[in-house]
Amino acid sequence: MLRFSTAGESHGESLIALVSGLPAGVDVDQEFIDRELWRRQQGYGRGGRMRIERDSAHILSGVRHGKTIGSPIAMEIENRDWKNWTEVLPVSTGDPAKHKAVASPRPGHADLAGALKYDFPDARYVLERASARESTARVAAGALAKQLLAPLGIDIASHVIRVGRAELDREATWPEISALRNKEEVLLGCVDEASESRMKAEVDLALRTGDSIGGVFEVVIHGAPAGIGTYANWDERLDGILAQAVMSLQAVKAVEIGRGVTAAESLGSEVHDAIGYAEAQNGSHTRFTRERNNAGGIEGGISNGEDVVVRGYLKPISTLRRPLASVRFDTREETKAAYERSDVCVVPAAGVAAEAMVALAFARLVLEKFGGDSLRELKRNYENYIEQIRAY
Ligand SMILES: Cc1cc2nc3c(=O)[nH]c(=O)nc-3n(C[C@H](O)[C@H](O)[C@H](O)COP(=O)(O)O)c2cc1C
Ligand SMILES: C=C(O[C@@H]1CC(C(=O)O)=C[C@@H](OP(=O)(O)O)[C@H]1O)C(=O)O
């Protein structure tokens with residue numbers, strides 16, 4: 001079974017990703033992993049921290065001569081900012097006088113709920129692990145899942161469809177979405193220049209006014225066959241599994257499959273994707289066709305052979321330069337919420353982290369369905385099934 005977990009705090013020495021259950025023989029390209037980590041660091045509206053970090057995964061185990069060997073893979077990503085925090089946040093007892101309290105909880109962040117739960121006098125330790133710095137380790141793990149899926153012809157990319165009130169005003173195609181990954185400069189990860197400059201104006205307004213902003217990203221799985229996930233049991237449905245994977249990311253407050261949100265206000269004839277039949281097209285595993293994909297490639301909890309489309313809705317960042325009202329942890333006096341520094345907009349970065357989560361969730365289901373202790377065995381099983389689907 002493909003499993004992964006992460007460890008590490010935002011200003012600790014490093015982050016750890018531990019991935020087990022990958023078959024042997026999968027190519028692991030260090031440059032690809034680091035490029036994914038770079039992509040997660042990009043986007044207009046990020047704070048000062050991204051000028052400090054230069055994320056790179058150091059592979060500690062499970063890979064030899066550039067290929068997986070079937071044993072657990074541990075990766076370490078250094079926090080460059082750690083050296084600025086060694087006295088404030090030492091692992092050993094240290095000097096309590098050096099502790100820098102996060103004295104008043106930030107509405108929207110984990111500060112208050114976390115301090116109450118773990119019985120901390122302030123929120124310093126809470127934000128250390130609640131921080132989305134953790135998503136770095138997920139991206140490193142997700143890069144391995146992507147490298148498992150690539151030889152099966154399954155590819156995953158994301159783009160931004162909303163920042164605040166500014167929305168992408170046309171449909172995006174797969175070639176456009178996938179090409180965004182090759183850009184050397186990322187503004188807001190949107191396929192359309194005019195829409196992107198409206199999105200930038202939304203971020204500028206938040207920056208100017210000491211506010212913050214959220215938005216919507218879309219993750220697309222391209223090239224997947226029909227038949228992944230099942231309606232047979234509630235916890236095996238592909239839509240449910242992807243929703244949990246994406247919702248687990250910091251600041252994601254809603255998940256949509258295909259056009260799930262607007263479907264609720266539309267008629268069935270406008271929503272459901274009529275079925276046709278034609279000769280197999282390039283790259284398509286089935287000869288059943290759809291003119292549109294409002295279902296987002298999933299029906300009955302099963303992939304139906306169309307692109308799988310998952311959207312994540314991000315609330316605005318919680319830390320505000322012009323903070324909301326809060327209360328001091330120590331005296332209970334009214335004050336403003338804590339502010340040190342912060343991102344203002346993270347929609348493209350969250351999209352990259354969501355790609356990783358989607359890749360890990362999908363790779364797990366692919367491995368469960370097709371099995372195999374080596375990539376060769378997996379590919380043989382997979383290609384057999386693709387043949388079956390083609391011949392249906
Ligand atoms: C890539 C990324 C970067 C983030 N950066 C910040 C930040 O700089 N400041 C902040 O207050 N929240 C930031 N967040 C959001 C918080 O991590 C998140 O709101 C917090 O952990 C509380 O969790 P919740 O929003 O899921 O309830 C970021 C989220 C993501 C995905
Ligand atoms: C470090 C990252 O994001 C951080 C996520 C984050 C939060 O509260 O989630 C708060 C900020 O941390 P800091 O106060 O150290 O600047 C962000 O920079 C990252 O994305 O790699």
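Which residues in helix H8 are buried? Let's start there, everyone, and please keep in mind that this is a predicted model. H8 runs over residues 238-247, and its buried residues are Leu-238, Asp-239, Leu-242, Ala-243, Ala-245 and Val-246. They sit on the same side of H8, because the arc they cover around the axis is only 165°. And what do they pack against? The partners of these buried residues are strand S10 (252-257), strand S13 (298-299), strand S14 (302-303), strand S15 (308-314) and helix H11.

Now hold on to H11, which spans residues 347-370. Helix H1, residues 30-41, also meets H11: the two axes come within 7 Å and cross at roughly 145°. On the H1 side we have Glu-36, Arg-39, Arg-40 and Gln-41, and on the H11 side Ala-349, Val-352 and Ala-353. Sorted by type, the residues of this contact are three nonpolar, one polar and three charged.

H11 turns up again at ligand 1, where it supplies the largest share of the shell, three residues. In total, 21 residues surround ligand 1, and the closest are Ala-132, Gln-250, Thr-319, Asp-343 and Val-346. That shell divides into ten nonpolar, nine polar and two charged residues.

And ligand 2? There we find 14 residues around the ligand, with Arg-49, Ser-131, Ala-132, Arg-133 and Arg-341 coming nearest. By type, the shell of ligand 2 holds two nonpolar, six polar and six charged residues.

Next, a loop residue I'd like to show you. Ile-317 lies between S15 and strand S16 (325-327). Why does Ile-317 count as buried? Because Ile-317 has 24 C-beta neighbours inside 10 Å, and the cut-off for buried is 20 or more. Beyond its neighbours within four places in sequence, Ile-317 touches Ser-212, Ser-342, Asp-343, Val-344 and Val-346. Gly-214 is 103 residues away from Ile-317 along the chain, yet their C-alpha atoms are separated by 6.6 Å.

Finally, over to Arg-390, in helix H12 (residues 375-390). With 13 other C-beta atoms within 10 Å, Arg-390 is partly exposed. Arg-390 and Leu-375 are 15 residues apart in sequence, and from C-alpha to C-alpha they are 22 Å apart in space.

Note on methods: Residues are numbered from 1 along each chain as its sequence is written. Chains are lettered from A and ligands numbered from 1 in the order in which they are written. This is a predicted model: local features need pLDDT of at least 70, side-chain atom pairs count only at pLDDT 80 or more; totals for chains, interfaces and linings use all residues. A residue is near a molecule or strand if its C-beta atom, placed from the backbone, lies within 6 Å of it. Helices (H or I, at least four residues) and strands (E, at least two) are DSSP runs, numbered from the N terminus. Ala, Val, Leu, Ile, Met, Phe, Trp, Tyr, Cys and Pro count as nonpolar, Asp, Glu, Lys and Arg as charged, and the others, Gly among them, as polar. A residue is buried if 20 or more other C-beta atoms lie within 10 Å of its own, exposed if 12 or fewer, and partly exposed in between; C-beta atoms are placed from the backbone. The arc is that of the directions from the helix axis to the C-beta atoms. Two residues are in contact if their C-beta atoms, placed from the backbone, lie within 7 Å. Axes are lines fitted to C-alpha atoms, for helices over the stretch in contact, and angles run from 0 to 180 degrees between N-to-C directions.
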